[in-house]
Every structure is written in structure tokens, then in C-alpha cells.
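Please read each point with the model open beside it.

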Amino acid sequence: MRHLIWVCLVPLMLVAQEEIPIREEAKGTLEYKDFEKPESCASCHVDIYQQWTQSMMSQSYTHHWDEIEYFDLAEAHAEAVPELRPVVDGCNGCHTPMAFLAGDLPPARPEEGTRANEGVSCDVCHTIVHAKGDPPFNFSYQIDPGRLKYGNKPGLESPHHDTEYNAFYETSEYCADCHNEKSPFGVWVKSTQIEWKEGPYGRDNVTCQVCHMPRALGKNAKMAEQDTVSQHLFHGAHSPGKVAGAIEVRMHPKEREVPWDAVVVLEVQLFNGKCGHKVPSGSVEDRIMWLHVTATDAQGKTYHLPVDKKGFEGEEYTIASDVLAYQDMGVPLGKPDFKGVRREDVPIGDRIFRMPYFDPEGRMTIMQWNTKSLGVDYRIGPRETKIETYTWRLPDDIPVGKITFNAQLNFRKLVKPVADLLGVPEDESEIMPVNSTTTWVQVYEP
Ligand code: HEC
Ligand code: HEC
Ligand code: HEC
Ligand code: HEC
Ligand code: HEC
């Protein structure tokens, strides 16, 4: 079994490695001690330090799901399929850049408390000089650790280090080297900056920093003058307040008053008015957003309404079902006959906003490094509005009176059956409410 997979991967990997930079040459060129610890910035950059400790940047190596996916899936996969080694080492190029640059691969587990745990640290980010590529992707940053810290302001003075204004810090390309990723098969498995660039915010140059490092009056260092300071929030899918309201939802019936034997037709509008890229973005292989619509009649009985099909190619991936998926996890998990787990644990018939990733055998995967192709992109783009329709023949015994409809839009960071299988703590697969709305129709006397 292993041998078979090896053989079929080799030619593909060889082709791909020529064009996908995996930065082998950068491994082991620096040492941990070339970088300062975040704690050494904390005494002066008080607020920024505390903000960073609460963000995912400080947890990019230690966070539970990262540890599970890196060690139990990616590392295990590289052990079964040695050609994957450079790609799996490359996880660290973004998640713990110091470990990658120090050639400490694989780094020790988080519980060992090594410096790999610092993740995307202050000193990593502030000694980046530039990034290669248009757009940059796959940790293509050029980095030069030392006394000189780059930032967004000219002419600052610090007793601890030198400073220099670097216009690159104010661009979305600065974020792109870690937020765009190509798989070894040449597929864009992360494309947040590309989605941004192709959309209205990219055209107006409303950068990532505007929404994820918003500016506010304050002090960037204890001894600094009051000024407009970029807040280091980096709040995203792990921040319920960021996800809440990311999409607005409204709904109306085609007719307000209907006879008892009517066919009720509802239209739901979903507007992305808050997000500079598609929703979901980033770890799209893990994430789903879905719309759950119910009707409650005058006697309090509740019915679940499945979405109307639109008939586009790949639509089956956007409507919840009980099919199994993610069979490719069987290789790293050492279960050659692994049948997969449910694709999603969502009420059957609900519309899902997602983009499926496929392994070399055409099965859905959450292992982005094993992604050979992408399926239908049914996510909601920046300032895009999608409309979903629900056609419902009233049940024969529907009581006269008001029917209230409820539309609930939910988000999940990681599809639940995968989280359950791998023992990922519940907060990673909890339901995050995005938005909801109601409307009604009146059923009149026969
Ligand atoms: C993911 C990369 C990243 C990390 C991690 C990061 N920064 Fe920044 N930092 C930036 C960027 C980008 C800017 C410029 C933002 C802008 O242009 O609005 C910045 C700006 C700053 C500024 C100037 C803010 C101002 O507007 O006056 C200071 C000071 C700073 N960072 C210190 C730190 C410290 C200390 C840490 C760790 C506790 C840290 N940064 C972590 C990317 C980062
Ligand atoms: C050196 C690589 C690197 C750079 C540069 C970088 N990021 Fe990140 N970022 C990461 C990693 C890795 C994570 C994932 C952390 C995790 O969940 O493991 C992340 C997470 C995030 C999240 C949190 C998403 C969530 O799921 O909650 C946001 C928001 C974010 N980054 C925004 C930015 C912005 C804005 C910039 C540019 C100013 C930037 N990043 C630059 C590596 C980077
Ligand atoms: C002893 C205090 C002190 C320590 C420690 C310190 N800084 Fe600073 N830093 C400052 C001061 C003061 C400024 C200038 C603030 C101002 O005038 O707005 C500054 C400015 C900065 C800027 C803004 C540069 C620019 O041109 O926009 C960055 C980035 C920065 N520091 C990063 C760091 C990092 C990373 C660390 C830890 C490795 C660190 N600092 C440690 C005091 C300190
Ligand atoms: C107009 C505001 C806006 C801009 C510009 C913007 N974002 Fe976001 N971003 C959001 C909102 C709102 C969310 C929460 C919704 C979500 O998770 O999809 C988010 C979520 C994210 C996430 C988590 C996505 C997920 O589904 O896991 C990442 C990562 C991220 N942003 C990075 C970036 C980067 C990198 C850029 C620049 C290329 C950027 N953002 C530009 C508003 C913005
Ligand atoms: C090009 C940079 C890059 C590479 C390479 C990369 N990642 Fe990530 N990873 C990110 C960023 C950025 C995010 C955050 C995206 C978001 O929030 O949606 C992320 C998110 C994740 C998450 C989800 C975190 C969460 O809590 O939802 C896991 C798990 C993960 N990566 C594991 C890996 C593994 C394993 C590899 C190697 C096979 C890898 N990553 C390679 C940049 C990278």
C-alpha cells in the first residue's frame, strides 16, 4: 500500500518541485540566538506585547490543532511518504520561522518548551526586509535579524534597538508570503491576499493592516509620544467578534399572505460587507459556513427547510449530506482501509459556503499539502451578495395563522467529524454564529 502511493507520487512531486519554492537553501542558515525573545520587547512595547500574546501569531506552533495536524498528520505522512519531507518541513517556514531558519526540524513538541514555541514572534516579523514573488507565497520572506527593527514610521528612536521605516510593512504583500500557499502540486491552497487583490479592497488598496491591525490613538512604547498606533490584534476566525456579522443576512417571502395549500417561496440574501477577502478564507480546507432555515407554524411546530438546488457543477459539495470524505488521512494514521468520516456534521440539505480540496485520487481532503485540485468555489467574495431560495409546499395539516421563518448562518473552523476523529479540543469545531434573520407569512382560512 505504502509502496503504491510512493510510486504514484514521485513523478508528480518531481515536476512540482521545480516550480514551487520550498526554500531548502534557507534551512539552517540562522540560529535561534540570532533572534530576540518577545519578552525582551514587552517591557517597553507593553500593549503591543499583550495584544500579540492573545493573537494566533503567538500560538502558531503551540495551538492544539496545529500540534495535532503537524505531528499526527503531516509528520506521520512524511514518514510514510518520504518525498513529502521538504513540504512538511516547510510548515514551519510559516508557523515557527525561527525553527525553520535554524534547521531545527521537526521542532520539539510544544510541551518541551523550546524556542520554536515563540511562533510568529515580534523579532521574526520586524526583521523581515522584503518578500520575493508577485504575489509572494510559501514563506518567501527575506529576513535579516539584528539590532535594526523595521516598522511603519520614519525617524523613531529607541534605547534598545535601531529603527528604520520600511514601506513594505504597510502593504498586503507583507502578509502574503505566509497567507498565500501553494501545494506541491502547484495548487493555491491558501490565497487570502490573492482574493483580496482581485476584489474591491485590493483595487482601493485597503490593506490587511486596516482591518487586522486597526489604528488607534495610544502609545506604541512606554516612553513614546501619544500617536496613532497600529494595534496588533490579528483577529480572524478564532475571534467570535470578528466572525460575527462578517456576512449580513436578510430574507423575504415572495407572498406575505398565502392559502393553506400554498407553495411558499423564500429568498435569502447573504452580503459580505465586512471582509476584505472571501469568507471563509485562509485554512479553507478546514472551514465551513452554512445556512440553516426553519419554519415554525402557529402551533409551535418547527420544520427544517432544505435549500433549492441551483444546478451548478460541483453543487453537491455545497449541500450538507452524510457522505464520507477525507479517506487520505488513512495513510498518516496508519489505517490503510480507512473509510473516512462524515464530510460535515450539518443538517442534511443546508447550503454550505466552502471550496472543497481534492487529493490526487479525487477524494476530499483537509490535508492541504496533499491537494492536487480544487472544487467549486462557493464562498462569498468581498462585497458579493449571494441569494439562496427555499421552496416549501405547506404540510397538509398546517394550522391557520402566522408561520415564522428563521435563517441562521453558522461558521465552523474545523469540520466536526475530523475534529472528533483526531481528538481536537471542542473550541476548534464549536458553532460560531455569523448572523441570523427572521420573516413571516400569514396562512389564511380556506
Ligand atoms: C505578523 C507580523 C507582526 C508581528 C508578529 C508583530 N508585528 Fe509589529 N508590526 C507589524 C506590521 C506589519 C506593522 C506596521 C503596521 C501598519 O503599517 O499599520 C507593525 C508595527 C509595529 C510597531 C509600530 C506601531 C505604530 O503604529 O506606531 C511597533 C512598535 C511594533 N510593531 C512592535 C511589535 C512588537 C513588540 C511585537 C511583539 C509583541 C510585534 N510588533 C509583533 C507586524 C508584526
Ligand atoms: C511569518 C509568517 C506570517 C506573516 C508575515 C503574517 N502571518 Fe498571519 N498568520 C501566520 C500563521 C502561521 C497563522 C496561523 C496561526 C495558527 O492558527 O496556527 C496566522 C494567523 C493570522 C490571523 C488569525 C486567523 C485566525 O484564524 O484567527 C490573522 C487575522 C492574520 N494572521 C493576519 C495577518 C496579517 C494582517 C499579516 C500582515 C500584516 C500577517 N498575518 C502576516 C503567519 C504569518
Ligand atoms: C527599552 C525599550 C524598548 C525595548 C526593549 C524594545 N523597544 Fe522597540 N521601540 C522603543 C521605542 C522608544 C521606540 C520608538 C517609539 C516612538 O517614538 O514612537 C521603538 C520603536 C519600535 C518599532 C517601530 C519602528 C518604526 O520605525 O516604525 C518597532 C518595530 C520596534 N520598536 C520593535 C521592537 C521589538 C521587536 C523589540 C523586541 C525584540 C523591541 N522593539 C524592544 C523601545 C523599545
Ligand atoms: C475590510 C476588512 C478586511 C480586510 C481588508 C482583510 N480582512 Fe481578513 N478578515 C476580515 C474579517 C471580517 C474576517 C472574519 C471572517 C472570516 O473569518 O472569514 C477576516 C478573517 C481573516 C482570516 C481568517 C479567515 C478564515 O476564514 O479562517 C485571515 C487569515 C485573514 N482575515 C487575513 C487577512 C489578510 C492576510 C488580509 C490582506 C490580504 C486581510 N485579511 C484583509 C476582514 C478583513
Ligand atoms: C505559506 C505559509 C504556511 C505554510 C507553508 C503552512 N501554513 Fe498552516 N497556516 C498558515 C496560515 C497563515 C494559517 C491561518 C489561516 C487561517 O486562519 O485561516 C494557517 C493555519 C493552519 C492551521 C489551522 C489553525 C487553526 O487553528 O485553525 C493548521 C492546523 C495548520 N496551518 C497546519 C499546517 C501544516 C501541518 C502545514 C504543513 C503541511 C502548514 N500549516 C503549512 C500558514 C502556513
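1. The chain is divided into domain 1 (2-230) and domain 2 (240-444), with bounds that come from an automatic or database domain assignment. This is a predicted model, in which local features need pLDDT of at least 70 and side-chain atom pairs count only at pLDDT 80 or more, while totals for chains, interfaces and linings use all residues. Residues are numbered from 1 along each chain as its sequence is written, and chains are lettered from A and ligands numbered from 1 in the order in which they are written.

2. The centres of domain 1 and domain 2, taken over C-alpha atoms, are separated by 31 Å. Their contact takes 31 residues from domain 1 and 26 residues from domain 2, where two residues are in contact if their C-beta atoms, placed from the backbone, lie within 7 Å. On the side of domain 1 that touches domain 2, α4 gives the most, with 9 residues, and by class this side has 22 nonpolar, 6 polar and 3 charged residues. Here Ala, Val, Leu, Ile, Met, Phe, Trp, Tyr, Cys and Pro count as nonpolar, Asp, Glu, Lys and Arg as charged, and the others, Gly among them, as polar.

3. The chain has 15 helices and 21 strands, which are DSSP runs numbered from the N terminus (helices H or I, at least four residues; strands E, at least two). The radius of gyration, at 24 Å, is close to the 22 Å that the globule rule gives for 446 residues, so the chain is as compact as a globular protein of that length; the radius is taken over C-alpha atoms, and the rule is 2.2 Å times the number of residues to the power 0.38.

4. Buried residues make up 41% of the 446 residues in the chain; a residue is buried if 20 or more other C-beta atoms, placed from the backbone, lie within 10 Å of its own, exposed if 12 or fewer, and partly exposed in between. The largest nonpolar core has 63 residues, and those with the most contacts inside it are Met289 and Trp290. Such a core is a set of buried Ala, Val, Leu, Ile, Met, Phe, Trp, Tyr and Cys residues joined through C-beta atoms within 7 Å. Because domain 1 (2-230) and domain 2 (240-444) both give residues to this core, it lies between them.

5. Of the 27 residues around ligand 3, Cys41, Cys44, Gly151, Ser158 and His160 come nearest, a residue being near a molecule or strand if its C-beta atom, placed from the backbone, lies within 6 Å of it. This shell divides into 9 nonpolar, 11 polar and 7 charged residues.

6. Around ligand 4 there are also 27 residues, of which Cys208, Cys211, Gly236, Ala237 and Gly276 come nearest. The element that gives the most to this shell is α12, with 4 residues, and the shell divides into 13 nonpolar, 11 polar and 3 charged residues. Both domain 1 (2-230) and domain 2 (240-444) give residues to the shell around ligand 4, so it lies between them.

7. Ligand 5 has 24 residues around it, and Glu69, Cys91, Cys94, Glu181 and Gly282 come nearest. The largest share of this shell, 5 residues, comes from α4. The shell around ligand 5 likewise takes residues from both domain 1 (2-230) and domain 2 (240-444), so it lies between them.
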